[in-house]
Amino acid sequence: MSGRLEVMKTYKLYINGAFPRTESGRSYEITSNKGEFLANACLASRKDLRDAVVAARAAQPGWAKATAYNRGQIMYRIAEMLEGRSDQFAQEISLQTGASAKESLQEVSDSVDLLVWYAGWSDKLPSLAGSTNPVSGPFYNFTIPEALGVVGVITPIDKPLLGFVAAVAPILVSGNTTVALASSTSPLSAISFAEVVATSDLPNGVLNILSGQQSELTPWFASHMDIDGLDISGLPTDQHGAIKEAGVENLKRISAFTKTSEPGRILAFMEAKTIWHPIGN
Amino acid sequence: MNFEYAAAPESRSVVKIDPEYGHFINGKWINGSSHFNSINPATEEVLSRIALGTAADVDAAVKAARNAFDKSWSKLSGRERGKYLFRIARIMQERAREFAVLETLDNGKPIRESRDVDVPLSAAHFFYHAGWADKLEYAGVDTTTTPHGVVGQIIPWNFPLLMLAWKVAPALATGNTVVLKPAETTSLTALLFAQVCQQAGLPDGVVNIVTGDGSTGSAITSHPGIDKIAFTGSTEVGKLIARAVAPTNKSLTLELGGKGANIVFGDAAIDETVEGIVNGIFFNQGHVCCAGSRLILQESIADEVLEKLKRRMEKIRVGDPLDKNTDLGAINSGEQLAKIQELTAAGDAEGAGRWSPNCTLPDKGFWFAPTIFTGVTQAHRIAREEIFGPVLSVLTFRTPAEAIEKANNTPFGLSAGIWSEKGSNILWASQHLRAGVIWANTFNKFDPASPFGGYKESGWGREGGRHGLSAYLKGSAK
Amino acid sequence: MSFYGLVDGSDSSLRNYLKQLPGVDQVGAEARAAMLATRSIKTTSKAWAIDTAISMVDLTTLEGADTPGKVQALCSKAFRPDPTDSSVPHVGAVCVYNDMVGIARQHLDSIGAHELPVAAVSTAFPSGRASMAVKLQDTEDAIVAGAAEIDMVIDRGAFLSGRLIEVFEEIVTIREVCGDRAHLKVILETGELVTLDNVRKASYLAMLAGADFVKTSTGKVAPAATAPVVLVMLEAVRDFYDLTKVRIGVKPAGGIRTTKDAIKQLVLVNETAGPDWLNPSLFRIGASALLNDLLMQRMKMSDGYYASPNYVTID
């Protein structure tokens, strides 16, 4: 304000812990809800998606093998990092959506609290969602919930930060890795979130963030044979059918949600594994 | 001195099969408009004529189910619903022998299996789910207690009565009503089940049985009045149904194919392992989605295990399914037999080594000798495609990591077996195997309390246990 | 002694050999045995099985109250189980305490049953708790009195406390005493060994030491010859044949009371070790009450109606 020129942020993708630009070299304009220019965001291509999935797949076994305690700690640290940047994120939300400072700060607080809430589920959900099953025979039989694998996210358009956090947190907490497509119109919060993640202890490749057009990329998410699940909460409902159909080729587990905090969002991207063993000597 | 077992046939007289059947809709028997033959695959005799369900028949069934849901079934408390299921379970136990003989005649499986496995497990499923009916609020972490409404259920021919139990019991326990289509070649025990519903006094329209073929199934999966579809069958058909259902609001669970890896480590209890291998692939003629159809042997004990396996296979008694001493019965249909023959011919062509014990196969009916292929690699068709017959593909591994890698290298993910005497190894392998059901030092064990279902292309969702139940409630997490 | 070339007689060699044997999964073994028990043996196969079972019975009396009169009656029964039907085969052997051997042998010879052997329990049967000198004398006395078969007991205390070489050496010594005068059955007393892993190890130990037969039990301890135990022992003799080309016999004893039980045993043999074992030189059943049930079932098969105990002799 006092005549000093601001250094503008370049918004890039976040893949495998690094911040590459889109390999396509393309960008598109992000404007405020009043049409003012805010930034050029990367227009990610299907090849960026391809690379992100490779990174997510490579990172998945290690992330799933981390103890639940460890994953919970890391997610809590993500919350810590976000808390520390509350003003930054609140400002960004206001710029994109026109929300008041108070509303924007509320969205950031809600996002932090939601991260904390999901972090706490990591070492508790298996106790509730798993079971020992009283089978009729000399066998020990138990069911454990396991992470599904690589899950894609199509982020909702409104609530650019909260919608994003509500989608990725439940996916990550159980040991999945994810490739998330930020909201097309307001991607800045999701892209900035990469800064939070990069300063937490989340291993590279666990969370990958793309910005681009839903219409261009969603079909590629749906058809990718190495994506195991999709959260399509950010897609208009009239498009759900087509995406679900496209996902049938590898029987992707595809869901959409309305509530931000429910353990169902975690369980939707988990598999139940049941194990039998005889009891004897 | 040879100990020949004389014929020990179970009597057919306990069963009465009508020459023709209609559909069971709204508590009554409705005549079919056209019929097809249902045969005994062991003898090719015609057992009965089964009605071919039309779109109109399906529509009538759905209307009856909807009416029953709105007017009677949803008005009942969970406790009352449960008591109907207890009645059904008890009557099935009372008529156990009848069901077992009928299942063997219609399906071709040995009477010992239908008597000792299929029928008791089916009754147990109803008994188990009866107790859930009034406890739905405890069903899970994130479940509602609201049923979907009318569910359409399509079941396969390999365990006709058991698959019916797996579908109908949880559906009814949670308050849904049912339109069920048994498989084309195995309708008889489903039709007998309709009699049990009548004997139990189940309100009209709660369970409706419409027999038929693929076209009948399509009429069900595409009917707009159905809220949820549950399908067990091939991955190919499962995907067709999933695509058809994608643009709708129907909920869908799928139980599809598999190519289960049965992994034998060098420290396994060898004799029990051989039994487990035999059970894994020859139980039910290998017509099992979770069959241990890929034997993955640690190289260090491969020769020993194979020798014992071959010797054990020579004791397998192939023949009349109604004989109480028969171990391996008939292949369910000429069509399935052709598929098995095609894939085993591919095994020969690809250079795998085929071996079967000497056995005399009857001239009439559909039969296939128990067979193993050694020298199989992941690239062979017989290592990748589901054969759904008494054919075992044998591969080897050197290290535990290699075993897991081979086991997981498939689009399927239904079952896996682990044979080892080392506890930590078992738990490690269990952790790494991408399969919904893992049998360690055992195989092909089922129980209503034990959730069953697959990862990846083996399906969506689970059946049995709390996990299976929650699929029949609206808006539930798994 | 060469011990089939599999062990060298030392403690370490024996330990190593037994240690590398594969384990037995109890639930799996029980399941296999239970499945074989569902075999339905009818009509002609049942008739064959009954006669075969009779010929395999080691008709036994091992009571403190045994007297010459009792033993003689047993011997008559053993040779002519049904006085009204001479088509009934004689049993496999008569089994008595060693001080009754002479009486048994004399009586059997007097009725013309020269080929019916007398088996004697020895080595301080049933507990086996006595000095080696006593056990040796026990065995020698029996053989001198006319026993063609010796049923010895192993030292279970030594086995369970890991002194395997002692168990081994006792068997070797008794085998030497038997020489070619008598065949040796080694009683493992599986009820005291408890686990199937132990049954497998003890079977191999006994075979390596020179047993001609491995026998489950003394009949004085329960559980005795359960199906999973017999299954594991049949697997052991089968696998031992693969290794050595020598067939060792199996004798379940104790708890086999009915024809159904006996037929289940024969099915176990048939589908485990194989038909080569289905004769009295390789399979015996230690029993007493079983014989009458076999006779009653035999009567039902030929007459077509249920029999009564009045029509079979009590001894």
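**Chain B against chain A**

Modeller: Between chain B and chain A, 26 residue pairs are in polar contact, both residues being at pLDDT 80 or more. A polar contact here is a pair of N or O atoms within 3.5 Å; within protein, one must be able to donate a hydrogen and the other to accept it, and residues adjacent in sequence count only if both atoms are side-chain atoms. This is a predicted model, in which local features need pLDDT of at least 70 and side-chain atom pairs count only at pLDDT 80 or more, while totals for chains, interfaces and linings use all residues. Residues are numbered from 1 along each chain as its sequence is written, chains are lettered from A and ligands numbered from 1 in the order in which they are written, and side-chain values use heavy atoms, with hydrogens and water left out.

On the side of chain B that touches chain A, at least two residues each come from α8, α14 (423–432), β16 (437–440), β17 (459–460) and α15 (465–470) of chain B. Helices (H or I, at least four residues) and strands (E, at least two) are DSSP runs, numbered from the N terminus. The largest share of that side, five residues, is given by α14(B). By type, the residues there are 20 nonpolar, 10 polar and 11 charged; Ala, Val, Leu, Ile, Met, Phe, Trp, Tyr, Cys and Pro count as nonpolar, Asp, Glu, Lys and Arg as charged, and the others, Gly among them, as polar.

In all, 41 residues of chain B are in contact (heavy atoms within 4.5 Å) with 41 residues of chain A. The size of an interface is often given as the accessible area lost when the parts come together. Chain B and chain A bury about 3300 Å² between them, and carbon and sulfur atoms give 54% of this area; the figure is the accessible area (1.4 Å probe) that two parts lose on being put together, summed over both. The interface also holds four salt bridges, a salt bridge being a side-chain nitrogen of Lys or Arg within 4 Å of a carboxyl oxygen of Asp or Glu. One salt bridge joins R243(B) to E249(A), with 2.5 Å between the closest N and O atoms.

α8 (235–245) is among the elements covering the buried residues of α7(B), as are α1 (55–71), β5 (150–154), β6 (177–181) and β8 (228–232) of chain B. Those buried residues of α7 (214–221) are T216(B), G217(B), A219(B), I220(B) and T221(B); buried means under 20% relative accessible area, exposed over 50%, and partly exposed in between (1.4 Å probe, protein chains only). Strand β5 of chain B holds Q153(B), a buried residue at 0% relative accessibility. The side chain of Q153(B) is in polar contact with the side chain of Y472(B), at 3.0 Å. Neighbours within four places in sequence aside, the contacts of Q153(B) include K167(B), V168(B), A171(B), K181(B) and A230(B).

Chain B also meets chain C. This contact takes 28 residues from chain B and 30 residues from chain C, and it buries about 2400 Å², 49% of it on carbon and sulfur atoms. Between these two chains there are six salt bridges; in one of them D271(B) pairs with R238(C), the closest N and O atoms lying 2.6 Å apart. Polar contacts number 12 residue pairs between chain C and chain B, both residues at pLDDT 80 or more. On the chain C side, α2 (26–36), α3 (43–56), α11 (227–244) and α12 (259–271) each give two or more residues. The largest share of that side, five residues, belongs to α3(C), and its residues divide into 11 nonpolar, nine polar and 10 charged.

Inside chain C, D151(C) sits in strand β4 (residues 149–153) and is buried, at a relative accessible area of 0%. Its side chain makes a polar contact of 3.0 Å with the side chain of K251(C). Beyond residues up to four places away in sequence, D151(C) touches, among others, C95(C), S122(C), K185(C) and K215(C).
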